[in-house]
Amino acid sequence: MSPHRIRIDREESKVKDEDVIKTVEEVFDSFTNYHVYRLRNSLKAFKELRGAVSAGKEARVYWAKGWRGEDLAVKIYLTSSAEFRKSIKNYIAGDPRFPSVPSKFRDLVYLWARKEYGNLEDMAKAGVSVPAPVAVSGNVLVMRFLGENGLRAPLLVEAWRELEDEDVERMFNLLVDDIERMVCKARLVHGDLSEYNIMIWEGRPWIIDVAQAVSLDHPKSRELLERDLSNVFSFFSHRLDVSEKEESLRRSLEQCLEAS
């Protein structure tokens, strides 16, 4: 029997035992398995975990089905990335919501997942278009899935050439409104906003990957906001005259920052 067949048989055995995990990869260590099962069996956050839809250096995202058949995304942060450890500390230290930075990497990743859940919750309450958070446990976050049949929605950078000029203008205006709501109502700065962290779905832009978002009280919030604005306006300026809208947004954001 080939090694490939053996691997498949082992996976099929796990499916029969638990009927939860359809894909088994190295990301599922014992701690992660505990949180996956807790989310599925105790918190009823999802019913069935299916294939991976994206894989990055920091996390992998899986398509899942909920108990009512709804599509969900399960994001699992890796607990073995040394580079990840260095980068996330910069977005936690100084944020008054987190008075201390955990010394153990696993605890740091758990905090990072809770931070993304909280940021999604605050942004959604402020009316920002983000995937609605469902639950979080350890390094595993469950949220709305943007896409259908296990295929994720395209990123802005991927859909860019397919968009008509009028669609580009509409996406830009909707995104500017979301940035204003994020800063002025949620009191948060995304910190890594660009065409790679915006999905196009249901005819509008959706802001994703918000774990690094910091409060306005973070010492680097203004620097990060300036980078976000530069990224967005620079990208859209290839097809639009953004000057008037940029000036208006900057004026509005400045008033919000001065009031904070």
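**Close-up 1. Helix α3 gives the most to the lining of the largest pocket, with 5 residues.** This is a predicted model, in which local features need pLDDT of at least 70, side-chain atom pairs count only at pLDDT 80 or more, and totals for chains, interfaces and linings use all residues. Residues are numbered from 1 along each chain as its sequence is written, and side-chain values use heavy atoms, with hydrogens and water left out. Helices (H or I, at least four residues) and strands (E, at least two) are DSSP runs, numbered from the N terminus. Alongside α3 (82–92), at least two lining residues each come from β1 (48–55), β2 (59–65), β3 (71–77), α4 (105–125) and β5 (140–144).

**Close-up 2. The largest pocket has a volume of about 950 Å³.** On a 1 Å grid over the protein atoms alone, a pocket is an open set of points with protein on both sides within 12 Å along at least five of seven lines, and lining residues have an atom within 4 Å of a point. A volume is the space filled by probe spheres set on the points, which are joined across faces, edges and corners. Of the 37 lining residues, Glu 58, Lys 75, Asn 197, Ile 208 and Asp 209 are the closest to the pocket centre. The lining splits into 21 nonpolar, 6 polar and 10 charged residues; here Ala, Val, Leu, Ile, Met, Phe, Trp, Tyr, Cys and Pro count as nonpolar, Asp, Glu, Lys and Arg as charged, and the others, Gly among them, as polar. Domain 1 (15–148) and domain 2 (153–259) each provide at least three residues of this lining, with bounds from an automatic or database domain assignment.

**Close-up 3. The largest cavity holds about 40 Å³ of space.** A cavity is a set of grid points where a 1.4 Å probe fits but cannot get out. Searching the whole structure turns up 1 cavity of 30 Å³ or more. Around the largest cavity sit Ile 179, Met 182, Val 183, Val 189, His 190, Leu 193, Leu 225 and Asp 228. Helix α6 gives the most to this lining, with 3 residues, and α7 (221–236) supplies at least two.

**Close-up 4. Helices α6 (residues 165–184) and α8 (residues 243–259) have axes that come within 9 Å and cross at roughly 10 degrees.** This crossing makes α6 roughly parallel to α8, a label for angles under 35 degrees. The contact (heavy atoms within 4.5 Å) includes Phe 172, Val 176 and Ile 179 of α6 and Leu 249, Leu 253 and Leu 257 of α8. By class, it has 9 nonpolar, 2 polar and 2 charged residues.

Key
Axes are lines fitted to C-alpha atoms, for helices over the stretch in contact, and angles run from 0 to 180 degrees between N-to-C directions. Angles under 35 degrees count as roughly parallel, over 145 as roughly antiparallel, 65 to 115 as roughly perpendicular and the rest as oblique.
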